Amino acid sequence: MAMLRTKVIVNPVAGAYSTRRKWPIISKLLERLGLSFDFEYTQGVGHAIELARAAASDGYRCLVAVGGDGTVNEVANGILRSTNASTTVLGVVSTGTGSDFVRSVGIPRNYTAACSVLTSSRRLSIDVGVVEYQRKGQTWQRFFVNAAGVGFDATVVEKTEHLPKFFGGTLPYVVGVLRALFSYKNKAVVLEVGDEVERGRVLNVVVANGSYLGGGMHVAPQAELGDNLLDVVIIGDMGKFEVLKEFPTVYKGTHIYHPKVKVKKVSRVTIQSAEPMLIHADGELLGESPASFWVVPSALNIVV
């Protein structure tokens, strides 16, 4: 691993602005482990995509994301949009609030342990998802490594963006859930899931590559990062009190046995609705429906 030309992309505002404070410690750990690297700070939303695409195209064979799930998403997008995607590996040192991707892939959430992983010669080839969505009247595409969502959980993401940034973990998501719940109205949708068409009112649709979401919720407990499929978790027309009652089961993954929840494994899904529904990917708010999702098998190599 130390022989690879390595670029570390650091999001200083990740983890409730704590990453800037942690980076000097992480940098010394990496040097002590014998990793030869250059690093750059991101300067805003989308910057890590450009840094990663340029680094991968310029011959860096390992790109390390230091930040949260959004930072990982951007670095992965940069790699996948580069001319050297198949020969570039992604390393992750998670310093974010949710850390859902590293939970899904099995990388330690403790940044000291995660630094040690970067010297490993082990690689895991994972699938990635693609979401095609609408924003300001235009059609856009984005890769996601962990999970995307349409409806309620994207509204929760929107609510959490306006919360104070001094706490982390699952707490912001829980507060966002409570804030979103009392104003959110379930939407009538048409879903094409594989070869099946479903119509009805839904609270939420999660399209999962990994199994964790929202700071440790086991939203898609059967999802596997390398099975060439996406797990579509459809939460039907649940009322507010029903959602509150069932909310604790999401942490255990037992919500999937509720009669209003369906899980389907497919390679492609589309969603249409008369009312626009918000869409997120890896916890980053993107745009609105209508949307399509599909899987790209074995598209990204991870240092594990």
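**Cores, a central strand and a cavity**

In this predicted model, the largest nonpolar core has 46 residues, and V131, F144, F152, L191, I271 and F293 are the members that touch the most others. Strand β11 (residues 230-235) supplies the largest share of this core, 5 residues. F293 illustrates such contacts: leaving aside residues up to four places away in sequence, F293 touches V130, V131, F144, A148, V150, V207, L230, S267, R268, V269 and I271.

One of the residues in contact with F293 is V207, which belongs to strand β10. Buried here means under 20% relative accessible area. Because 5 of the 5 residues of β10 are buried, the strand is largely enclosed by the rest of the structure. In a regular strand, side chains alternate between the two faces of the sheet. In β10, N204, V206 and A208 point one way, while V205 and V207 point the other way.

Strand β10 also has pairing partners. Strand β7 (residues 147-151) pairs with β10 in the antiparallel sense over 5 bridges, and A147 has A208 as its bridge partner. Strands β10 and β11 likewise run antiparallel and are joined by 5 bridges; here V207 is partnered with V232.

The model also contains 1 cavity of 30 Å³ or more. The largest cavity holds about 280 Å³ of space. Its lining consists of 19 residues, of which F152, L203, I235, F247 and V250 lie nearest the centre. Elements giving two or more residues to this lining are α7 (152-160), α8 (171-181), β10 (204-208), α9 (240-246) and α10 (249-252). By class, the lining comprises 14 nonpolar, 3 polar and 2 charged residues.

Note on methods
Residues numbered from 1 in each chain as written. Predicted model: local features only at pLDDT ≥ 70, side-chain atom pairs only at ≥ 80, totals over all residues. Heavy atoms only, no water. 1 Å grid on protein atoms, 1.4 Å probe; cavity = no way out; pocket = protein on both sides within 12 Å on 5 of 7 lines; lining within 4 Å. Points joined across faces, edges and corners; volume = space filled by probe spheres on them. Helix = DSSP H or I, 4+ residues; strand = E, 2+ residues; numbered from the N terminus. Nonpolar A, V, L, I, M, F, W, Y, C, P; charged D, E, K, R; others polar. Core = buried A, V, L, I, M, F, W, Y, C linked by side-chain atoms within 4.5 Å. Buried < 20%, exposed > 50% of the residue type's maximum accessible area, 1.4 Å probe, protein only. Contact = heavy atoms within 4.5 Å. Pairing = 2+ DSSP bridges.
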